[in-house]
Amino acid sequence: MIARYGVQLEKGPFERRTADFLWMMIFGALSLLVLSAIPIFRTPFLGVSLVFMLLYVWSREFPNAQINIYGLVTLKAFYLPWAMLALDVIFGSELIPDLLGIIAGHLYYFLTVLHPLATGKVFLKTPMWVNKLVARYRIGAPSRPSSRSAAPSDRPTGVAFSGRSYRLSG
């Protein structure tokens, strides 16, 4: 689930926004830690919750995508977290970890998309230290203009490949 939905988020709404994607995961992990400290939500393992948080954000970003569950039922992606929650309960898993992930995902989506759309005020922005971290370690694709829109003097000349490289030794 992480590979499928995480990659679609990275290639869709978070394309060329690696720092924002990393911040979403950090915010989700911190939210889950805080939520799991509440006695009614206490759970020792939060891996499933983080997956559900990612799944919830994906379902809100791609609400009309058609999802096929076990080849039996087709539904809109908007309902996928709730369908997975129901299946987990039917198969005997605990309800709390899945519910924590949905709560954390909704909290992130509300603070970054819904609330700014309604009021124009942004409460949750990616901190500068996350942007610096991503830039420092060159994580993800750099955000730069395409070579078509660059000035002729900025374009590489006589170069077959203009990507970045990493030296393996030293």
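Predicted model: local features only at pLDDT ≥ 70, side-chain atom pairs only at ≥ 80, totals over all residues.
Tyr 70 sits in the loop between β1 and β2. Tyr 70 counts as exposed because its relative accessible area is 59%, and exposed means over 50%. Its backbone is worth a look too. The phi angle of Tyr 70 is near 55°, a positive value in a residue other than glycine. Most residues other than glycine have a negative phi. Arg 138 also has a positive phi, near 50°. Arg 138 lies in the segment after α6.

Together with Leu 72, Val 73, Ile 90 and Phe 91, Tyr 70 forms a nonpolar patch. The accessible area of these residues together is about 640 Å².

Now step back to the whole chain. It holds six helices and two strands. Follow the sequence and the pattern reads α-α-α-β-β-α-α-α. The chain has 170 residues, and 35% of them count as buried. Take the contacts between residues at least 6 apart in sequence: 59% of them join residues at least 24 apart.

Next, go inside. The largest nonpolar core has 36 residues. Leu 9, Met 24, Trp 58, Ile 67, Ile 69, Leu 80 and Tyr 108 have the most contacts inside this core. Which elements give two or more residues to the core? They are the helices α1 (2-11), α2 (18-36), α3 (47-61), α4 (80-90), α5 (96-119) and α6 (128-136), along with strand β1 (66-69).

Look closely at Ile 67, one of the core residues named above. Ile 67 belongs to strand β1. Is Ile 67 buried or exposed? Ile 67 counts as buried, because its relative accessibility is 4% and the limit for buried is under 20%. Set aside neighbours within four places in sequence, and Ile 67 is in contact with Arg 4, Tyr 5, Trp 58, Val 73, Thr 74, Leu 75, Ala 77 and Leu 80. Trp 58 and Leu 80 are also on the list of residues with the most contacts in the core. Tyr 79 is 12 residues from Ile 67 in sequence, and their C-alpha atoms are 9.3 Å apart in space.

Ile 69 is another residue on that core list. Leaving out residues up to four places away in sequence, Ile 69 touches Leu 75, Leu 80, Ala 83 and Leu 87. Leu 75 and Leu 80 also touch Ile 67.

Move on to helix α3, where Phe 52 is found. Phe 52 is buried because its relative accessible area is 3%, and buried means under 20%. What does Phe 52 touch, not counting residues up to four places away in sequence? Its partners are Pro 81, Met 84, Leu 85, Asp 88, Asp 98, Gly 101 and Ile 102. Consider Gly 101. Phe 52 and Gly 101 are 49 residues apart in sequence, but their C-alpha atoms are 4.6 Å apart in space.

How many salt bridges does a search of the whole structure find? The search finds one. The side chains of Asp 20 and Arg 17 meet in a salt bridge, with 2.7 Å from N to O. Arg 17 counts as partly exposed because its relative accessibility is 34%, which falls between the limits of 20% and 50%.

Finally, turn to the database record. An unreviewed UniProt entry places the feature "transmembrane region" at residues 21-38, 44-60, 67-87 and 99-118. Compare two of these stretches with the model. Over residues 99-118 the chain is 100% helix and 0% strand. The end C-alpha atoms of that stretch are 25 Å apart. Over residues 67-87 the chain is 38% helix and 33% strand. Here the end C-alpha atoms are 14 Å apart.

Conventions:
Residues numbered from 1 in each chain as written. Heavy atoms only, no water. Core = buried A, V, L, I, M, F, W, Y, C linked by side-chain atoms within 4.5 Å. Buried < 20%, exposed > 50% of the residue type's maximum accessible area, 1.4 Å probe, protein only. Helix = DSSP H or I, 4+ residues; strand = E, 2+ residues; numbered from the N terminus. Contact = heavy atoms within 4.5 Å. UniProt positions renumbered as here; feature names shortened; annotations may be inferred. Patch = residues over 30% accessible without salt bridge, like charges linked within 9 Å, V, L, I, M, F, W, Y side chains within 5 Å. Areas by Shrake-Rupley, 256 points an atom, 1.4 Å probe, with all protein chains shown as cover. Salt bridge = Lys/Arg side-chain N within 4 Å of Asp/Glu carboxyl O.
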